[in-house]
Each structure stands twice: as C-alpha cells, then as structure tokens.
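Subject: Structure for your review

Dear colleague,

Please find below the structure that I am handing over to you. My findings follow it.

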Amino acid sequence: MTTTVILNPAAGRGLAGRRRNAIEAALRDHAIEYEIVTTHARGGATELAIQAIQRGAERVVAVGGDGTINEVVNGIIDSRTGNKVALGIIPLGTGSDFVKSLPGVRPGDIAGAVQRLASNHTQAIDVGRIRVTAGRLTLQRCFINGLGMGLDAAVAVESLKIKWLRGFAVYLISVFKALATYRPGPMTVRFDGQRVSRQLFFASVGNGRCQGGGFWMTPDAKLDDGLLDLCIVDTMPISRALRKIPLLMRGVHTNEPEVTMARARRIEVTCPTPIPVATDGEVIATAAQRVEVEVLPRAVQLVV
Ligand SMILES: Nc1ncnc2c1ncn2[C@@H]1O[C@H](COP(=O)(O)OP(=O)(O)OP(=O)(O)O)[C@@H](O)[C@H]1O
C-alpha cells in the first residue's frame, strides 16, 4: 500500500513539526512504507494530497490539526477518489476536535495513530460541502468536522490573533473576546423544509460532535448517518451567554430555550448583515451573505 504522510509543521503551535522524528520512527517500527512531505503554507496540504494521489498514493495521512485534515479531505474530494484513497490521521493539532468523535482515538497519541495505520481498518464517513457567497465572490469547499456561521466563526477569527497560548485556553479567551465584540444580526436558516428566521448568535453545523477546541455543539452527531447536525443559538444577554458556556463544554445545552437542534441533508443560511464563516476551525470568509450546505454521504474512507 502506498502511503503519503502530509505533515503540517505549524500545527499544534509547532508540536507536529517537533514530533516528526517520533512519527517516522513509529512508522518504521510498524514496517509501513511511506513517503513524507511537509506543508509550507496555508492551503498547501490540499495541493500535496492531490499530487500524492496523482502519483498513485492509496492512503493519505494528515499530521496536524483539523485544518490540516480539512485540507487533505479537500484534496481527496477534488481528486474524486474518496472511495479509493483512504484518509489517515495523526492528530497533533491545538484542538484536534474531529478525532474526539472517534472512539478510542486520543489527540497527541502518535503510537495509537500509527497502530491504526498498520491495522488499516477503514470506515466510510460523511463529508459536508458548502458554497459561500460573499458579495460577488463564491467559494466551494468541504468540511469533515464542523461549520461555524456567526459568533462561533468569530471565535475562530479571534483565536488566530492569540499567539502566546496553547490548547483550550486559546479558544476560551477567544470566546470571551468574540462575545464582547460580535454584533449579531438577523439570520434565516432553512433546512430540509423547515425555517428559523430571527436574530441569532450562530448556526453551527456538525458532522462530528465537538468544535472550537472543546465545545460539544452537536453531541449526538454521527459521522456516517448521511446527515448533518445543526445547532442554532438565539441571541441573549452576554451575562446569560456566559452561564451557558459550561453547558456547551459538556454538550448538555440541547434543551435550553435559546437552542434549536436539528438534522438535515441540506441547509441554507442567508443574512443581510454579513457573517464570518469557518470550516473545521479555519476562517474561510469574514463577510458571507449566503451559505449553502449539503452532505456528501460516506464520501471518504477513514482509517479507524
Ligand atoms: N508550513 C506552514 N506554516 C505555517 N502555517 C501552515 C503551514 N502549513 C499549514 N499551515 C496552516 O496552519 C494552520 C493550522 O493547522 P491545523 O488546523 O492543522 O493546526 P491547529 O490549528 O494547531 O489545530 P486545530 O485546528 O485542530 O486546533 C492551517 O491554517 C494551515 O493551513
């Protein structure tokens, strides 16, 4: 089996780069034949995945966080090889939220990840695809874990500005900063024949369960059910929002009066006041007016 390992040395605030030797030693110990390439800039992992697949890779392994996994998934989908080329993950990101939906997988566990590559059991999982319209620009992209629209994407914008911290603290501080500065506007969310139209903090879509470094937005989401989970949160006073944060961190917010949970194959969000949008924790638009989302059922073979 031809395996290409794509390592983002910047992921996990440099942790992925520092663990390169340990990763290669573990791959050799399991007699896994591999080539390893490193990313040099944002977006690079998509291009590297496409090139690897063109060279005949049957398995592409993302080493990094959710942003790196996202880029590799986009490369696999763009190559139209989701059912042939498997996706492996060595999770070394800051949040590494996606793997929290996978039983037995721990962020940072190189030995466990390489053991899974050696066993090579795969599971077909869903992927989300979005089309974002911002002014006259449209952008199409896939996500594997989650999509944030509104305040939750503003948190991702804030997290990019914090260089002096690591791990969950980055996201927690970003939540407070975003709550203090975000100006919510009216949003209309249409999903599988239903409609929610009011002033919203955010509409978050989950293929996985956890986003934003430890917020269990869609705690009942399943990666292979052919559906995307939706968590819509109304605006509320900041003092009340602060009291809800611990609920979100435990995934027990779903019955709160300001929260609407749903499952859908297609979702459309429109908003007269432009909103930020983030896929798998990466900000892809800061002023979107329309976002169309669809599920690509079982589109990627994931090494589990
Ligand atoms: N060589 C590089 N130098 C700097 N940034 C890079 C490089 N290669 C990729 N990137 C960018 O690094 C960013 C962070 O990657 P990633 O999301 O994998 O890690 P993370 O943010 O630490 O983890 P998580 O998203 O799970 O919290 C992405 O935007 C990616 O495009």
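The notes below cover the overall fold, the nonpolar core and the ligand surroundings.

Please bear in mind that this is a predicted model. The chain contains eight helices and 13 strands. Its C-alpha trace extends over about 55 × 40 × 35 Å along the principal axes. The radius of gyration is 19 Å, which agrees with the value near 19 Å that a compact globule of 304 residues would have. Of the 304 residues, 48% count as buried. Among contacts with a separation of 6 or more, 75% join residues 24 or more positions apart.

The largest nonpolar core comprises 87 residues, of which Ile 6, Val 60, Val 63, Val 72, Val 73, Leu 87 and Val 277 touch the most other members. Strand β13 (residues 282–303) supplies the largest share of this core, eight residues. Because domain 1 (3–120) and domain 2 (127–297) both give residues to the core, it lies between them. Leaving aside residues up to four places away in sequence, Leu 87 touches Val 60, Ala 62, Val 72, Val 73, Ile 76, Val 300, Gln 301, Leu 302 and Val 303.

As to the ligand, 22 residues surround it, and the closest are Thr 39, Gly 65, Gly 67, Gly 93 and Gly 95. By class, this shell has 15 polar, four nonpolar and three charged residues. Helix α4 (residues 66–78) contributes the largest share of the shell, three residues.

With kind regards

Definitions and conventions
Residues numbered from 1 in each chain as written. Predicted model: local features only at pLDDT ≥ 70, side-chain atom pairs only at ≥ 80, totals over all residues. Near = placed C-beta within 6 Å. Helix = DSSP H or I, 4+ residues; strand = E, 2+ residues; numbered from the N terminus. Nonpolar A, V, L, I, M, F, W, Y, C, P; charged D, E, K, R; others polar. Rg over C-alpha atoms; globule rule 2.2 N^0.38 Å. Buried ≥ 20, exposed ≤ 12 C-beta atoms within 10 Å, placed from the backbone. Contact = placed C-beta atoms within 7 Å. Core = buried A, V, L, I, M, F, W, Y, C linked by C-beta atoms within 7 Å. Domains from an automatic or database assignment.
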